Amino acid sequence: MTKTNIVFACFACDNDFAEALGLCLTSIKLNLDPNLKFIAYVISSGLSETNKNLIKSLQTQDFQIRFIDNAIELSETILNKLDNSHFSKETYQRLYLSRLLPNSINKVLYIDCDTVIKNSLGDLYSIDIENNYVAGVKD
């Protein structure tokens, strides 16, 4: 593998889960294959600037964190058509990642921010899901 290999991941986070996201990202960083670059997209639901800055403090050249602050506004039309009685708008947003992330991204891992990563994400990211749009695991 070369440094051109990039793992893209996405998270949804508000202030209540900022600390958990920091722990999750730290566990990814500590276990990341040194031949990989990691770019995280964080769908921010009112995440404070203080929490954003704390999370951004983890960044290096090969470990980048980008925030999507206007995700609710971007998908408000779609989300208003869904039943929000059981799930929050933030929960539904992960179904619309293709509209929230840059078009150049062909594959992304969605990771709950309260997850601890014990190994490099490289092997998981390299799984060929063939012509499927989504792959998942049981919680």
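Helix α1 (residues 18-31) lies across β1 (6-13), β2 and β3, and runs at about 165° to β1. Helices (H or I, at least four residues) and strands (E, at least two) are DSSP runs, numbered from the N terminus. Axes are lines fitted to C-alpha atoms, for helices over the stretch in contact, and angles run from 0 to 180 degrees between N-to-C directions. This is a predicted model in which local features need pLDDT of at least 70 and side-chain atom pairs count only at pLDDT 80 or more, while totals for chains, interfaces and linings use all residues. Residues are numbered from 1 along each chain as its sequence is written, and side-chain values use heavy atoms, with hydrogens and water left out.

**The sheet and helix α2**

- Helix α2 (residues 49-56) also packs on the sheet, where it touches β2 and β3 (contact means heavy atoms within 4.5 Å).
- The direction of helix α2 makes about 160° with that of β3.
- The open sheet has 4 strands in the order β3-β2-β1-β4, with parallel pairing.
- The edges are taken by β3 (63-68) and β4 (109-110), each with a single partner strand, so one side of each has no neighbour in the sheet.
- Two strands pair if DSSP finds at least two bridges between them.
- Strand β2 (residues 37-44) is joined to β3 by 6 bridges, and the two run parallel.
- Within this pairing, F38 stands opposite F63 in β3.
- Strands of a sheet pair through backbone hydrogen bonds, either parallel or antiparallel.

**The salt bridges**

- The structure holds 2 salt bridges (a side-chain nitrogen of Lys or Arg within 4 Å of a carboxyl oxygen of Asp or Glu).
- K52 pairs with E49 in a salt bridge whose closest N and O atoms are 3.5 Å apart.
- K52 and E49 are 3 residues apart in helix α2, which means that about one helical turn separates them.
- D69 forms a salt bridge with K52, and here the closest N and O atoms are 2.6 Å apart.
- D69 lies in the loop between β3 and α3 (71-74) and K52 in helix α2, so this pair ties together parts that are 17 residues apart in sequence.

- Buried means under 20% relative accessible area, exposed over 50%, and partly exposed in between (1.4 Å probe, protein chains only).
- K52 counts as buried, at 6% relative accessibility.
- E49 counts as partly exposed at 49%, and D69 is partly exposed at 43%.
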